[in-house]
Amino acid sequence: ATPAGWYPEPGADVWGSMAKNDGFQTVSTSTPVLVTGMVLKGTSGGSFTVSSNRIKVPVSGMYRIVVSGYASGTGTAVIIFGINTSGTTINTSVYPSVRIKRTEVTVDETAEGSAIAKVLSTDTIGLLISSPQGVSVSCWGGPTDPNSSTGIRLEYVGPPK
């Protein structure tokens, strides 16, 4: 692998996840905003860390990244969840994003998107939310409802390419 170094065996059980843990977050901007209240929910095979609502992987490599978004509330909107590694741009050409189209009067919906991407151990991965129409949208996450929480999971699949 390049760069040379130690890497887990492809398919090794190395994963980490974080989820929103502090209730609702409402935004009404088309500019992506960092999802707050993110906490480490589980890990295996490495020392994943969360700091300032962003997660770091223990070893550089190719990761399957799964983004889940849980939207709740009323109104018509499209809510986009995505990730980045530095600023506030959702890079859908490299990283996964989730679009939840909310067109009914009241909508509680979970959607998921995934991709395989190169993640370095120096990267910090954050989950972003935006409303392209600029209308008020909310995402949810709470400790009593872990299966319907907004979150992200990174699973090691092999050395970097």
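Biologist: Let's take buried to mean under 20% relative accessible area. Is lysine 20 buried or exposed?

Modeller: Lysine 20 is buried, because its relative accessible area is 1%. Keep in mind that this is a predicted model.

Biologist: What does lysine 20 form a salt bridge with?

Modeller: Aspartate 22. The closest N and O atoms are 2.7 Å apart. Aspartate 22 is partly exposed, with a relative accessible area of 45%.

Biologist: How many salt bridges does the count come to?

Modeller: Three.

Biologist: Which side chain meets arginine 64 in a salt bridge?

Modeller: That of glutamate 155, at 3.3 Å from N to O. This pair links distant parts of the chain. Glutamate 155 sits in strand β13 and arginine 64 in strand β7, 91 residues apart.

Biologist: And what else does glutamate 155 form a salt bridge with?

Modeller: Arginine 153, where the closest N and O atoms are 2.5 Å apart. Shared partners join Arg64, Arg153 and Glu155 into one network of salt bridges.

Biologist: Why call β13 largely enclosed by the rest of the structure?

Modeller: Because six of its eight residues are buried.

Biologist: How many bridges pair β1 with β13?

Modeller: Five, in the antiparallel sense. Strand β1 covers residues 15–20. Within that pairing, arginine 153 in β13 stands opposite serine 17.

Biologist: Switching to the core. How many residues are in the largest nonpolar core?

Modeller: It has 28 residues. Tyr63, Ile65, Ile152 and Leu154 have the most contacts inside it. Strands that each supply at least two residues of this core include β9 (97–102), β10 (106–119), β11 and β12 (137–139). Strand β13 (151–158) is another of those suppliers.

Biologist: Which strand gives the largest share?

Modeller: Strand β7, with four residues. As background, nonpolar side chains tend to be buried together in soluble globular proteins.

Biologist: What does tyrosine 63 touch, leaving out residues up to four places away in sequence?

Modeller: Phe48, Val57 and Pro58 are among its contacts.

Biologist: Now β11. How many of its residues are buried?

Modeller: Six of six, over residues 125–130. Both faces are covered. Ile125, Leu127 and Ile129 are buried on one side, and Gly126, Leu128 and Ser130 on the other.

Biologist: In what sense do β3 and β11 pair?

Modeller: Antiparallel, over two bridges. Strand β3 spans residues 33–34. Leucine 34 has leucine 128 of β11 as its bridge partner.

Biologist: How many bridges join β6 to β11?

Modeller: Two. Strand β6, residues 54–56, runs antiparallel to β11. Here arginine 54 is the bridge partner of glycine 126.

Biologist: Where is glutamine 25?

Modeller: In strand β2, residues 25–27. Glutamine 25 counts as buried, at 10% relative accessibility.

Biologist: Which backbone oxygen lies 3.1 Å from a polar atom of its side chain?

Modeller: That of leucine 34. A polar atom of the glutamine 25 side chain also lies 2.9 Å from the backbone nitrogen of threonine 36. Leaving aside neighbours within four places in sequence, glutamine 25 contacts residues including Lys20, Val33, Ile129 and Cys139.

Biologist: What about the loop between β5 and β6. Is phi of serine 52 positive or negative?

Modeller: Positive, near 55°, in a residue other than glycine. Serine 52 is in that loop.

Biologist: Last one. Where is arginine 99 found?

Modeller: In strand β9. Arginine 99 counts as exposed, at 56% relative accessibility. Its C-alpha is separated by 9.9 Å from that of serine 68, 31 residues apart along the chain.

How values were computed
Residues are numbered from 1 along each chain as its sequence is written. This is a predicted model: local features need pLDDT of at least 70, side-chain atom pairs count only at pLDDT 80 or more; totals for chains, interfaces and linings use all residues. Side-chain values use heavy atoms; hydrogens and water are left out. Buried means under 20% relative accessible area, exposed over 50%, partly exposed in between (1.4 Å probe, protein chains only). Two strands pair if DSSP finds at least two bridges between them. A polar contact is a pair of N or O atoms within 3.5 Å; within protein, one must be able to donate a hydrogen and the other to accept it, and residues adjacent in sequence count only if both atoms are side-chain atoms. Contact means heavy atoms within 4.5 Å. A nonpolar core is a set of buried Ala, Val, Leu, Ile, Met, Phe, Trp, Tyr and Cys residues joined through side-chain atoms within 4.5 Å. A salt bridge is a side-chain nitrogen of Lys or Arg within 4 Å of a carboxyl oxygen of Asp or Glu.
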